[in-house]
There are 2 protein chains.
Amino acid sequence: MAKISALSGFPEWLPAQRQIEQHVIDVFREVAELHGFSGIETRAVEPLSELVRKGEIDKEVYVLRRLHASEEPGESADPSRQLGLHFDLTVPLARYVLEHQNDLAFPLRRFQIQKVWRGERPQDGRFREFYQADLDIVGQDVLPAHLEADVAVVMAEILSRLPLPGFTIHANNRKLSEGFFTSLGLADTGAVLRTLDKLPKIGAEAASRLLQSEAGADAQQAAACLDFAGIRTADGSFADRVRALGGQGEMLEEGIAELAAVLESVGRSVPGVMVADLSIARGLDYYTGTVFETFLEGHAALGSICSGGRYDRLAADNRHSYPGVGLSIGLSRLVSRIISAELARPSRDVPTCVLVSVSQEAERARSEEIARALRARGISCEVAPSAAKLGKQIRHADKRRIPFVWFPGSISEGAGDEVRDIRTGEQVPADESTWQPPAEDLHVRILPVAKAAEGE
Amino acid sequence: MAKISALSGFPEWLPAQRQIEQHVIDVFREVAELHGFSGIETRAVEPLSELVRKGEIDKEVYVLRRLHASEEPGESADPSRQLGLHFDLTVPLARYVLEHQNDLAFPLRRFQIQKVWRGERPQDGRFREFYQADLDIVGQDVLPAHLEADVAVVMAEILSRLPLPGFTIHANNRKLSEGFFTSLGLADTGAVLRTLDKLPKIGAEAASRLLQSEAGADAQQAAACLDFAGIRTADGSFADRVRALGGQGEMLEEGIAELAAVLESVGRSVPGVMVADLSIARGLDYYTGTVFETFLEGHAALGSICSGGRYDRLAADNRHSYPGVGLSIGLSRLVSRIISAELARPSRDVPTCVLVSVSQEAERARSEEIARALRARGISCEVAPSAAKLGKQIRHADKRRIPFVWFPGSISEGAGDEVRDIRTGEQVPADESTWQPPAEDLHVRILPVAKAAEGE
């Protein structure tokens, strides 16, 4: 057999670790469904021609080829018929909405948790295969602005239920930014946004120079842009500071109102997790309203763990346009960090709550009967795979951190069943039709590991 | 925008239909975990050299290529470094077990529900992308035979909880078959098995001729083989019939004992779903003990919906061999049939239980407050996207089959909140801190559709 080795960029979890990933997925789904979002999945492939329409990402696409495709001349000659693996869930959503528009009810509240693939160099800690978890509301022709707060509330609730250190969602609004730059007299608002997007990397001085060389600003305008980008408030007071910097006009006021509404709405549901941060630019051209980035306390180097915003034109055809607002979590990166930084651990390695021991193979049927009775009441069980010495059976449980071992009694010896908590050694008489584990042991729990804040 | 169209062989569900697929996945996971199986996922890709080692399937592999791979000479020149999408979950399991053997506890009880890809011609109703759901127990060097019953019990419980018409698991045992053919004096047991595998397609006469031309049987031996393959019993009585046909020997008796144990064990957990069917051959060479196929009543043309068995050598290296026993459901095919034959339907199209209406935008915050209170008690809600006329808001709910619409009261008018069941029109006063929907409306349920048996 060939040498077996891990593939760089394709993460894979052990069973105990996978429970953490599954927990994050479960929490995402539970909260999304609580807010009336429907889960969908799209096929993993899209026509290559659709995937490469956004120039910046084309080098990262994996193209598919049937191993024996050469036997069928012409099959892969037409690039519109070539297939590639999706690299995000937004391109597929746009295609799904157009393809199924007659069968969908709008506004569509959808979440989607699927793997995506990018042929990036894995050296710098990036994954080539990873889970993305998206949440979007898509309207047909119209999409009220208050739905921008709606998706932020759902995402804040999801993040607050995950085993994470503190997080902060930084929100801004494109109308606010563009309105401000315009009211300063700067016409090329895109150039200003692209420069401010680099601010954390290049610093204020370099940004000021760039604003003057690339965005047509004079020194005073550049300073005002940097002052603007320095505004960060937990409440609606950002508005007066923007106006004090000379911001005015209809578009700016619309952006202020929308951002204030998002802050208020999220604050009512999950207090203390969102700030207005006017430095948030988000590079992508298609955002047109609220934009979000999310940072984890003590893990700044991770970058934004959850980003998104409002886009007026997710998709369009001759009849309709489809505006949307959405947020996306890079789920695998987050899970990878939870695992590598030991932010959380599962209460046990396997789903099993009780290992039912077998004293001799002839009595296996009795052990299976006990397991059946426990399972009928929702208690996860397995029966010992062999009638080994009891010490070995207990080690089987211990190795997997199964909390309880059940010892079937012996009728001939007049001894009843007993169950042992192998963490404490406590052993008590038990009846399979009534015994109940403590509530916290019934299912695997993912426990946050309390630790002092650490620098990176 | 380019023409949007469905890709043949890549199924995709609407939100309401996806709930059925999710339900099948949930049931599989719940039952597997109840039996102490750990969920794992493996990466979607394996080295091409590993995927094509089984000759029969190599033409179906999708090979990956980075779009700009040509920029890096040598990247795809080495076939052992080329990657392909996995076409099943068994090849990845074998690799996962070898790669992680030092970190896994054996016997490993694992389930795995993931998409797989096969570049088959989609014309004949086959999918190119589909979910497979696997359940295996893998031992290190040893795997007790009673675990063959264990996986069958779990699978029978899973299938019995799904919204399916009656199903029957047909079980046989390789030792029983090979022991019988050997005791008849037929040395090439593989040839006999391959012929019997074709029996349903070619019929008894052609099978008899093939047994004589290909497997070295005389007319009497061929007749005995066909008699053997005709044995189908719901209990252990198959054993005497095999012996009456001249079957004898240690291997045969071992096979009889194992098959009888599987029948008994499954019968105790899920009575009436399993038969011993000695025609079951399963083409694949690697089975060495119990083999299973499963058929759906009234849907014979679907073929086996759940197959598998015991294999002594899932994987091996210089130190260890890894025997296993497993079963696999072609989940997407099953879900596709449930949907197309309308075997089940979701109780509503979306997770939402209550639509909270909005009488005017100025009072949206009150509607959100109600929704928050309901969600805090686990009731899925959405707030109406706009303060449209009430009739339109009710249609929003009706279109999605959301059962309840909540009408916030007006304090100024002294009117309290009310909630309407839009299926019956019944409307009652309600308080968001105490109102509870009927238990059957709390979550979406997948309801089997009762219908008379239909031919195909």
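Does A:Trp117 count as buried or exposed? At 4% relative accessibility, A:Trp117 counts as buried (under 20% relative accessible area, with exposed over 50% and partly exposed in between; 1.4 Å probe, protein chains only). This is a predicted model: local features need pLDDT of at least 70, side-chain atom pairs count only at pLDDT 80 or more, and totals for chains, interfaces and linings use all residues. Residues are numbered from 1 along each chain as its sequence is written, chains are lettered from A and ligands numbered from 1 in the order written, and side-chain values use heavy atoms, leaving out hydrogens and water.

**Aromatic pairs**
- The whole structure holds 21 aromatic pairs over all chains (Phe, Tyr or six-membered Trp ring centres within 6.5 Å; planes under 30 degrees apart are stacked, over 60 edge-to-face, the rest tilted).
- A:Phe106 and A:Tyr322 have ring centres 5.1 Å apart and planes at 45 degrees, so the pair is tilted.
- Both A:Phe106 and A:Tyr322 are buried.
- A:Trp117 and B:Trp117 have ring centres 6.0 Å apart and planes at 80 degrees, so this pair is edge-to-face.
- B:Trp117 counts as buried at 3% relative accessibility.
- Ring pairs link A:Phe180, A:Phe181 and A:Phe228 into a cluster.
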